[in-house]
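Q: I'd like to learn how to read a two-chain model feature by feature. Could we go through it together?

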Amino acid sequence: MGYGSIVKVPFGPQHPALKEPENFTFEIDGDIIVNVKPRIGYNHRGIEKAMEARTYIQNIYLAERICGICSDAHTTCYCQAIEELLNVEVPSRAKYIRTVIAELERIHSHSLWVGIAAHEIGFDTLFMHLWRDRETVMDILEFVSGNRVHYAMNTIGGVRRDITDEMIPKINSGLNFLEKKIKHYINTISNEPTILKRTVNVGVLKPKDAVELCAVGPTLRASGVKNDVRKDDPYAAYDEVPFNVITNDGCDVFARIIVRCEEMLESIRIIRYALEHMPSGMTRVRVPLVVPPGESVSRVEAPRGELIHYAKSNGTSKPERYKVRSPTLANIPALCKMLMGQHVADIPIVLAGIDPCFACMDRVAIIDLKTGEKKVFNFEVFRRHIQKCYRKH
Amino acid sequence: MLSEDEILEKMKNFLGNAILEANVPRTRRIFIKIKSETLKEVVSFLSNELGVKHLSTITGLDLGEEIELIYHFAYKGSIEISLRLTIPKKAPKITSIVDLIPGATLYEREVHDLLGVIFEGHPDLSRLVLPEEWPKGLYPLRKENSVEELRKITQKSKGES
């Protein structure tokens, strides 16, 4: 601390490797972050407005494309909202299939994230291994749904494909492999000094702050708060499937890794139970195209946390208003809190800690607040600037 | 943990006149219509007396002459309490709740951006999701403009600049 002048460092929004463009303006004192200002919206596509102009059936496809990683969470949430408006009860078999797909998606999303976290701290071997093993769950998803990313399993009134008894052995053998691997990774991550040095006590979010800033999902649970929509506000078959809500009192990036890894193991148990206890019967019911006037609030525990949709119908085949709040937006205020007081070098891993964003370090502009002078640095020059700050104190 | 009906009863007892309408459409869902000027009173009651700290989001709706705001709170993560109120579209102003619920900051900014509601007392109501060059006074989620019209307006303003 005490480099003298506070400089503003804009991060993002564009980077060839960024999944979601976001921009953060950091005010840094030497190498320590003293203030963070998020500027989102670079990926704002106006989906809520677009949904008002499309039919309920067309909107399933639009909801699926809100996210490329948790596409199933969005369609589940959407279909539940519309089913409530229509007063339709989904067949139990469909509810179990929705649960299986949701948990497969959680495994794929969490393993993707742990890989990225490893990459952000320079542990690319773990990244490569994890992503290799992640292919197993992608194969299962493709085998069950026909697709790797947009599974298109959900429809209003149930699911579009069945999981037959013949498919179960293949799914189970994939799960057995994944379980063995995830246990191995938890062991590696907990004992590897290079990981511990970069993640323990980094990006701390105290439980009180996590609650006050309305954080959700693994970010909240890694701060020791036991909160999970699957348990608290059950949907699909979660009220019939026994499972534990994983929490960790670490409050740091390490805790976030462990929570997600343990959640993957829990997901495997949920899928096994659901496949074993799958009720027989129909997978969907027919629903009318016109929805009577009404409103509903639908919630789902997406891989990143609480996802909430609000639907209002007006008696036509198109919604009057549709509102979506995805978990990443809910975690941005908590993220800003985590970044305060951190070193510039820890920005990527703390950013990645809430999943899914990571910072763009390739091009930054430095503004000297005293003189108002603006310089654009590339990564190399910026690195040298930071080293100079280090040497000064 | 209180049930839906117990929450409603408690709120009616303490807040009385602030509540205009209330209903429980299904388990774990409560909709309450309140007077817009009592928002802070109701939110501090939820926060202090019921321990509701989690705001899931704020939904804004264009009702024609009025704008409706729905604050979705989660009681113990489980019961979703949706507080609704209306404000006139001609002067869409409401007090900010950021001082009571710090997690509301981005949700208020989002509604400000897309529906033009001014949250009085919010520390920073700068643009959140719309581009900087988006025409001033044009609010995409208001019903006046269709998607096609919005596209025309924004393309025209791009051409001028």
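A: Let's start with two terms. Buried means under 20% relative accessible area, exposed means over 50%, and partly exposed is in between, with a 1.4 Å probe and protein chains only. Helices (H or I, at least four residues) and strands (E, at least two) are DSSP runs, numbered from the N terminus. With that, strand 2 (residues 23-29) of chain A reads as mostly covered: 6 of its 7 residues are buried.
As for ground rules, this is a predicted model, where local features need pLDDT of at least 70 and side-chain atom pairs count only at pLDDT 80 or more, while totals for chains, interfaces and linings use all residues. Residues are numbered from 1 along each chain as its sequence is written, chains are lettered from A and ligands numbered from 1 in the order in which they are written, and side-chain values use heavy atoms, with hydrogens and water left out.

Q: Which strands pair with strand 2 of chain A, and in which sense?

A: Two strands pair if DSSP finds at least two bridges between them. Strand 1 (residues 6-11) of chain A pairs with strand 2 of chain A in the antiparallel sense over 6 bridges, and there Ile6(A) has Asp29(A) as its bridge partner. Strand 3 (residues 32-39) of chain A is also antiparallel to strand 2 of chain A, over 7 bridges; here Phe24(A) is partnered by Pro38(A). The hairpin of strands 2 and 3 of chain A has 2 residues between the strands, and Gly30(A) takes a positive phi near 65° in it.

Q: How do I read a helix, say helix 5 of chain A?

A: Compare its span with the expected one, which is 1.5 Å times one less than its number of residues. Helix 5 (residues 124-145) of chain A has 22 residues and reaches 31 Å from first C-alpha to last, close to the 32 Å expected. Then look at what is covered: the buried residues of this helix include Leu126(A), Phe127(A), Asp133(A), Arg134(A) and Val144(A). Contact means heavy atoms within 4.5 Å, and what covers those buried residues includes helix 4 (92-120), helix 6 (168-191) and helix 7 (193-199) of chain A. Just after helix 5 of chain A, Gly146(A) takes a positive phi of about 90°.

Q: What about chain B: how many helices and strands does it have?

A: Chain B has 4 helices and 7 strands, and along the sequence they follow the pattern α-β-β-α-β-β-β-β-α-β-α. Its C-alpha trace spans about 60 × 30 × 25 Å along the principal axes. Of the 161 residues in chain B, 55% are buried.

Q: Where does strand 2 of chain B sit among its partners?

A: Strand 2 (residues 29-34) of chain B is joined to strand 1 (residues 19-26) of chain B by 5 bridges, running antiparallel. On its other pairing, with strand 5 (residues 79-88) of chain B, the sense is parallel, again over 5 bridges. Follow Lys33(B) to see both: Glu21(B) stands opposite Lys33(B), and in strand 5 of chain B the bridge partner of Lys33(B) is Arg84(B). Strands 1 and 2 of chain B form a hairpin with 2 residues between them, where Arg28(B) has a positive phi of about 65°.

Q: How much area do chain A and chain B bury between them?

A: The size of an interface is often given as the accessible area lost when the parts come together. Buried area here is what two parts lose on being put together, with a 1.4 Å probe, summed over both. Chain A and chain B bury about 3,300 Å² between them, 53% of it on carbon and sulfur atoms. In chain A, Arg39(A), Lys49(A) and Cys214(A) lose the most area to chain B, together 19% of what that side buries. Counted by contacts, 36 residues of chain A meet 47 residues of chain B.

Q: How many salt bridges cross that interface?

A: A salt bridge is a side-chain nitrogen of Lys or Arg within 4 Å of a carboxyl oxygen of Asp or Glu. The rule finds 9 across the interface of chain A and chain B. The side chains of Glu84(A) and Arg26(B) meet in a salt bridge at 3.1 Å, N to O.

Q: Is His72(B) buried or exposed?

A: His72(B), in strand 4 (residues 66-75) of chain B, counts as buried because its relative accessible area is 0%. Leaving out residues up to four places away in sequence, His72(B) touches residues including Val297(A), Ile308(A), Tyr310(A) and Thr59(B).
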